[in-house]
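I opened the model to look up its strands, its salt bridges and its ligand site. My entries follow in the order I made them.

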Amino acid sequence: MSKHEYIAVSERDGLGFIELNRPKVLNAINRPMVSEIVAAFEEFDRNENVNVIILSGKGRAFAAGADIDEMSADGAIDLELLNQFTEWDRLAWIKKPIIGAVQGFALGGGFELALCCDLLFAAEDASFGFPEVNLGVMPGAGGTQRLTKLIGKSRAMEWLLSGDRFTAQQALEWGVINRTIAPELLMEETEKFAKKLASKPPLSIRLIKESVHKAVDYSLYEGMQYERKNFYLLFASEDQKEGMKAFIEKRRPHFKGK
Ligand code: CAA
């Protein structure tokens with residue numbers, strides 16, 4: 001496994017854990033941290049002992065945004081040449097389900113990172129926002145796009161233009177997160193749910209995730225074709241044979257991910 005300075009990585013019971021680990025600066029995301037995060041996700045995606053990935057932050061924030069100190073002196077051409085945000089794009093290619101466990105602040109780039117997760121569980125005291133507007137900039141790692149696709153134009157406009165922080169309850173009501181959890185139970189409950197997913201046939205989980213993502217970008221017709229091919233593909237798996245045989249024989253299935 002790669003060496004990490006800005007994140008902590010571990011695995012157990014079929015789960016891969018990535019923890020943002022710059023608590024003194026509320027896990028502000030600097031460039032090497034992005035590289036570490038992306039590499040860790042890709043390693044877990046290739047690791048056959050890991051079925052589900054959990055992303056969280058150490059300390060009192062999930063992440064308070066991109067590292068303002070690092071980018072404050074940047075020029076536009078520096079940023080164009082650096083092309084740093086293409087690294088974030090690779091998160092969209094992770095095939096295994098990602099659950100974000102958010103406590104404290106998820107702001108700016110931290111909120112954008114949370115929006116790269118497939119499911120979001122948040123502590124009741126978590127807060128979400130895009131404060132970039134208050135810095136004279138705007139989200140640059142997918143915030144205006146992912147949030148709008150997720151909750152629609154009107155609500156996204158309110159969030160993005162105001163720069164206000166919203167509560168976990170508001171995020172739940174608007175469909176940004178899946179559930180709120182008492183802060184002291186956040187990791188336990190997230191892990192419990194992740195283990196449930198980890199016990200399911202991995203190929204089904206993989207292709208369901210992929211198909212849902214296509215629904216966001218494809219027309220209904222194209223999406224339906226995509227779904228159908230994935231449905232057919234699963235009939236080439238040993239797990240489909242086992243799952244249906246076990247149902248008929250009235251026993252528990254033993255899935256192998258093949
Ligand atoms: N970048 C760099 N450092 C940060 C940071 C960030 N995004 N957020 C917090 N920190 C640092 C603070 O500078 C402070 O460091 P020192 O102790 O060395 O002074 C430390 O973290 C603790 O923060 P505060 O003392 O400010 O803590 P607080 O509880 O008073 O306030 C907060 C918390 C409201 C989250 C506040 O820290 C804050 O407003 N942070 C910035 C939020 C922000 O604007 N994020 C957007 C960044 S731009 C972006 O993300 C662009 C993009 O789309 C990719």
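Predicted model: local features only at pLDDT ≥ 70, side-chain atom pairs only at ≥ 80, totals over all residues.

**Entry 1, the hairpin.** I began at β1 and β2, which form a hairpin with two residues between them. D13 sits in that turn with a positive phi of about 50°. β1 and β2 run antiparallel and are joined by six bridges. I take helices (H or I, at least four residues) and strands (E, at least two) as DSSP runs, numbered from the N terminus. I call two strands paired if DSSP finds at least two bridges between them.

Residues are numbered from 1 along each chain as its sequence is written, and side-chain values use heavy atoms, with hydrogens and water left out.

I traced an open sheet of six strands in the order β1-β2-β3-β5-β7-β10, and its pairing is mixed. Which strands are at the edges? They are β1 (7-12) and β10 (179-181), and each pairs on one side only. The twist from one strand to the next averages 20°. For that angle, axes are lines fitted to C-alpha atoms, and angles run from 0 to 180 degrees between N-to-C directions. Further in, I checked β3 (residues 52-57) against β5 (residues 98-102): they run parallel, with four bridges. There L55 stands opposite G100 in β5.

**Entry 4, the four-stranded sheet.** I found an open sheet of four strands, again mixed in pairing, in the order β4-β6-β8-β9. β4 and β9 (165-167) are its edges; each has a single partner strand, so one side of each is left without a neighbour in the sheet. The twist here averages 20° from one strand to the next. I then looked at β6 and β8 (residues 127-129), which pair in the parallel sense over three bridges. The bridge partner of A106 in β8 is F128.

How many salt bridges does a search of the whole structure find? I get 16. The criterion is a side-chain nitrogen of Lys or Arg within 4 Å of a carboxyl oxygen of Asp or Glu. I followed one of them, between D67 and R22, with N to O at 2.9 Å. This pair links distant parts of the chain, 45 residues apart. D67 is in the loop between β4 (61-63) and α2, and R22 is in the loop between β2 (15-20) and α1 (31-46).

**Entry 6, the ligand.** I counted 23 residues around the ligand (a heavy atom within 4 Å). The closest are A66, I68, G109, E112 and E132. The shell divides into 13 nonpolar, four polar and six charged residues. I looked up polar contacts (N or O atoms within 3.5 Å). A ligand nitrogen is 3.0 Å from a polar backbone atom of A64. A ligand oxygen is 2.8 Å from a polar backbone atom of G109. For G140, a polar backbone atom lies 3.1 Å from an oxygen of the ligand. Which elements give two or more residues to the shell? They are α2 (68-71), β6 (105-107) and α5 (109-115).

Definitions and conventions
Polar contact = N/O pair within 3.5 Å; in protein donor to acceptor, adjacent residues only side chain to side chain. Nonpolar A, V, L, I, M, F, W, Y, C, P; charged D, E, K, R; others polar.
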